[in-house]
Amino acid sequence: MTAYVALTRDGTPWEPNYLDSVNEATCIGCGRCFKVCNQNVMELIGITEDGDKVDADDDEAIRKVTTVANPGNCIGCGACGKVCAKNAQTFVSAAVLAQAA
């Protein structure tokens, strides 16, 4: 697999950085990243008092966090990382993914 590098409108090289993971301990569950992503990459889930993952609307959920549900949908735009106040996301570059393939 070859790394993908594109050009911006002014000719500046740009390489996508894909969402790899969300740190559930750091995430505050505000949903800003989830809302800004139009590629259906993430989902909001609930965490119970015992640490179990449940539906975000489950009555037993004491807090919400964002998780990566569909990593293959990520286009590498980085919008989710830009709106996260806690920097809870980890990204991987297209070059690193290409080397791993």
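Colleague: Which residues is Gln 89 in contact with, leaving aside neighbours within four places in sequence?
Modeller: Gln 89 contacts Leu 19, Ser 21, Val 22, Cys 33, Cys 80, Gly 81 and Cys 84. Contact means heavy atoms within 4.5 Å. This is a predicted model: local features need pLDDT of at least 70, side-chain atom pairs count only at pLDDT 80 or more, and totals for chains, interfaces and linings use all residues. Residues are numbered from 1 along each chain as its sequence is written, and side-chain values use heavy atoms, with hydrogens and water left out.

Colleague: Is Gln 89 buried or exposed?
Modeller: Buried, at 11% relative accessibility. Buried is under 20% relative accessible area, exposed is over 50%, and partly exposed is in between (1.4 Å probe, protein chains only).

Colleague: What lies 3.5 Å from a polar atom of its side chain?
Modeller: The backbone oxygen of Cys 80.

Colleague: Switching to the core. Which residues touch the most other members of the largest nonpolar core?
Modeller: Leu 19 and Met 42, out of 16 residues. Such a core is a set of buried Ala, Val, Leu, Ile, Met, Phe, Trp, Tyr and Cys residues joined through side-chain atoms within 4.5 Å.

Colleague: And how many salt bridges are there?
Modeller: One. The rule is a side-chain nitrogen of Lys or Arg within 4 Å of a carboxyl oxygen of Asp or Glu. Lys 53 and Glu 24 form the bridge, at 3.0 Å from N to O.

Colleague: Are those two buried or exposed?
Modeller: Lys 53 is exposed at 55%. Glu 24 is partly exposed at 23%.

Methods
A polar contact is a pair of N or O atoms within 3.5 Å; within protein, one must be able to donate a hydrogen and the other to accept it, and residues adjacent in sequence count only if both atoms are side-chain atoms.
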